[in-house]
Structures are given as C-alpha cells and as structure tokens.
Amino acid sequence: MPSPWLWRQGEKPLQRKVRRGSIVCLWGQIKMEYGGMAGNNNIVENLLNEVALPDVLRDQVRPGLAAALASLAREQGLKDDGRGRAIAQFQNNLSRLAAIAADRLRYPEIAEVKIERPVFILGLPRCGTSLLHALIGTDDNVRTPMSWEVAAPSPPPEAATFRSDPRAAAFDKYVDENFVGPLAEVRKAHPIGAWIPQECGMILETSFQSLNLPMLFRLRDYYQWYLNANTVFAYQVHKMWLQHLAWRNPRARWVLKVQEHAYHIPELLSVYPDAMFVQPHRDPVTVLASISRLLESLRSMVFARQDRAELGEELLHLWHDGQVKMMAQRAAHPDMPMYDLRYKDISRDPVGAVQGIYDFAGIAFSSETAAGITQWLAANPADKHGRHTYTLEDYGLTGARVRDVYNDYIQAYKDYI
C-alpha cells in the first residue's frame, strides 16, 4: 500500500513550486505538450532538471517518467488538485532518488554494502502480507525498511540514533494530520506509521518502473508500458536503497514486501540472485472486494468521481496479470526458494506463521522475537482505526466472475486457499 506519498521533511502537500510556475501551471504545460499526442519532451526535462541526478540515472529514469506523464495527460476525471498531486508525486520520487544518489557520491562505501539472501513477501493483496511484514519489523535482528526512512532517506539512518531520529516523529505527525476524511478509510484497512515497515513500491517508484503509480492515479497506458518493460533498472535502484539504509544501520538479513514483485521476477533475480520468496494465499473473491475498497479510498484524493464497476473490472485483471506471470515463473523454475502459506494460518497463529518463514529462510527465531510479535498484535488490533467494510457487489463483481478469471490461480494453489 502506498505511504503518505507527498510527505517529506518540512513540507506539506502541494507546497512546493516548480521552475516554470505552480504545480497547476505545470499541469497545463503537460496538457499542451502531450495533448494531441505531440510527444514534446520538454516537461520531462523540466522535471529532471529540478534535481541533481547523475546522468546514468537521468537516462534510465527518463523512459518511465515520460510514459507516466503521457498517460497522466490522457486520464479523464481527475480533480484539479488531483493532477497537482500526481505531479508532486513525480517530483517527490525524483527528489528521494536524488537524495540517495547524492549520499552515494559523498560516501562511496555505501556501494560496497552487501545484501545477502533477501526475503521477498509477495502474492495477491490483502493476503496477510502487510501483517507479516509488520510483525517481522518488530525484530531488531532483521532489517525491514521503516516508513519514515523511505519517506526521508537522507542523511542515511544510523544505528545509534535510529529509534530517536526526529524524522520518525515528523512522519507520524503527518499521518495523524492528513489521514482524515476519505483517507481515514485507508487506516482501517492498512497499518500506517513511522515504525510500520514500508512496502517496496515506495522504493521502486523512484525508478519510475513501478505499479504504485497506476495504483494511485490509474494511468492505464502507463500500466501497459510497465507490464512489458524490462525493469532491471528498478531493481538496481531498489538495491541502492537497501545499501543506503543498511550502511550505518545494518542487519544480517532483509525482509521486503510488495505484490508487484510478482510481475518482474526475472529482473529481481538478475539483481538479487540469492533471493528467497514467501507467498501467502487467500480466496480471490475476498481479496478483490477488500482491495477495491482500499484503492477507491486512495484514489478519492485525486479523482472527482469513480465508477465502482469500472474499478472492480480494472483490479480484477490487474492483480491477475501478476499471478499469471508468477505462475509461469514458478512453472519454469520449480526449484525457486519459495514458501507458500495460507492466509487462514496467518490469522489463526501469526507467531507460528512468522516462525515458519524464519525456519524457511534460515533466520533465528527466539523467545524475544515471539514476545515482540505478541506485543505488536496487542497494541494493533485489526479494528484499531475502525472496521474496514466492503462487498464484492459494490464493485460490479460476483464470486462466479472472480472465480472464472482466477481459475488458474485457484487450481494451482487450491491447497492453500
């Protein structure tokens, strides 16, 4: 789930100005330059010129940024400030990438940090992946990317001051002030906070090769571009982030999480050849209802109106696309280090579920680990911010329709659903 995507230290959403005027004026420029399919690249270069990116990063960011901007220009139904939010998101992504690139030049030893046998949690959304990641994030012997450090990565976090870093308190203050109104629904469905591990989507989107952008802004054309893109660059950027965060606050192992890894496993393995994978499973009928409600809430900040049936149909296929790719990868490489588990088992025995992952990955599980998990669960009940309610029919779908589209997935993993 995307984080509060416009937060940066000392800034408010839409507060920034761009070189050629306000964000709204910049949107007008995009419409003029991409309207009529003119394909003018000035806006791409204007955004890139706002930040000090090394040429090698500029060149590799450019195609995805151009695809996102072109797709944004063709989107219909966005609010005026929704368009501004999209531009601010792109600027934020570039700024965060520039920040870690600058630190990497300043401290070349960051590039020497080793990332060994990382564990990636993936699968369909709403399968307990966020809960697993949050529970593992309570273990001080395992490294997960905390939300505050992904939002404000520079200077690199340090072990000695990690728990007292003021960026964490600033992040929580932003969440409390801004996740109200329509966004209050998001907190009912998904844990958000400085000390909640952040999904890899907020890291990958700094490469502009990420599913996060269409999740937030729909961007139909960009999504098709992303599906067919070679995303090795995204995982090279991802590794830059892990090295950056681990440089002065290292652990022996990383545990990461986001559903979009399923779409580009070959590219992930080209950067992390010793990666290990965890895939929880759940009935797609329940998954589709829950994720549709969550994304409707997120997109309400940028769209003036949303057709629920259209959203349901979009997400019905979007998440299936990832599973088709994942099933093909697993069929071609049955020796992939993969641990499957049931959502029901995560709900029934979360401590046992985490211990199973640790046993699979070769990570020591201690009584302190179990105690940390138990404490987190007591402090974060499922309905802490209210109950997340939804029905499949709200989004023009039926159980039969979902089961028909996901029949291949259901048959492949019937023992885990």
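**Figure 1. Overall fold of the protein chain, with 20 helices and 4 strands.** The model shown is predicted. Of the 417 residues in the protein chain, 58% are buried. Contacts between residues at least 6 apart in sequence join, in 79% of cases, residues at least 24 apart. The accessible surface of the protein chain amounts to about 16200 Å², and carbon and sulfur atoms contribute 51% of this area.

**Figure 2. The open sheet of 4 strands, in the order E2-E1-E3-E4.** The pairing within this sheet is parallel. The edges are formed by strand E2 (255–257) and strand E4 (338–342), each of which has a single partner strand, so one side of each lacks a neighbour in the sheet. From one strand to the next, the twist averages 20°. Strands of a sheet pair through backbone hydrogen bonds, in either a parallel or an antiparallel arrangement.

**Figure 3. Bridges between the strands of the sheet.** Strand E1 (residues 119–121) pairs with E2 in the parallel sense over 3 bridges, and Val-119 stands opposite Val-255 in E2. E1 also pairs with E3 in the parallel sense, over 3 bridges; here Ile-121 stands opposite Val-278 in E3. E3 and E4 run parallel and are joined by 5 bridges. Within E4, Asp-340 is the bridge partner of Gln-279.

**Figure 4. Strand E3 and its buried side chains.** In E3, 6 of the 6 residues are buried, so the strand is largely enclosed by the rest of the structure. Met-276, Val-278 and Pro-280 point one way from the strand, while Phe-277, Gln-279 and His-281 point the other way. Two of the residues in this view also take part in the pairing of the sheet: Val-278 lies opposite Ile-121, and Gln-279 has Asp-340 of E4 as its bridge partner.

**Figure 5. Helices H5 and H15 against the sheet.** Helix H5 (residues 129–136) lies across E1, E2, strand E3 (276–281) and E4. The direction of H5 is at about 155° to E2. Helix H15 (residues 308–332) packs on the sheet and touches E3 and E4. Its direction makes about 130° with that of E3.

**Figure 6. Helix H7 and its buried face.** Helix H7 (residues 166–178) has 13 residues, which at 1.5 Å a residue should span 18 Å; the end C-alpha atoms are 18 Å apart, in agreement with this expectation. Its buried residues are Arg-167, Ala-168, Phe-171, Tyr-174 and Val-175. Viewed down the axis of H7, these residues fall within an arc of 125°, so they line one face of the helix. The exposed residues Pro-166 and Ala-169 are carried on the face turned away from the buried side. An α-helix has 3.6 residues a turn, so residues three or four places apart point the same way.

**Figure 7. The cis peptide bond between Ser-154 and Pro-155.** The peptide bond from Ser-154 to Pro-155 is cis, with omega near 5°. Pro-155 is located in the loop between helix H6 (147–151) and H7. Most peptide bonds are trans, and most residues other than glycine have a negative phi.

Figure 8. With a relative accessibility of 0%, Phe-208 counts as buried. Leu-219 is buried, its relative accessible area being 0%.

Figure 9. Apart from residues up to four places away in sequence, Met-240 touches Leu-57, Ile-100 and Arg-104. The C-alpha atoms of Met-240 and Ile-110 are separated by 8.4 Å, although these residues are 130 apart along the chain.

Key: Residues are numbered from 1 along each chain as its sequence is written. This is a predicted model: local features need pLDDT of at least 70, side-chain atom pairs count only at pLDDT 80 or more; totals for chains, interfaces and linings use all residues. Side-chain values use heavy atoms; hydrogens and water are left out. Two strands pair if DSSP finds at least two bridges between them. Axes are lines fitted to C-alpha atoms, for helices over the stretch in contact, and angles run from 0 to 180 degrees between N-to-C directions. Contact means heavy atoms within 4.5 Å. The expected span of a helix is 1.5 Å times one less than its number of residues. Buried means under 20% relative accessible area, exposed over 50%, partly exposed in between (1.4 Å probe, protein chains only). The arc is that of the directions from the helix axis to the C-beta atoms. Accessible areas come from the Shrake-Rupley method with a 1.4 Å probe; for residues, only the protein chains shown count as cover.
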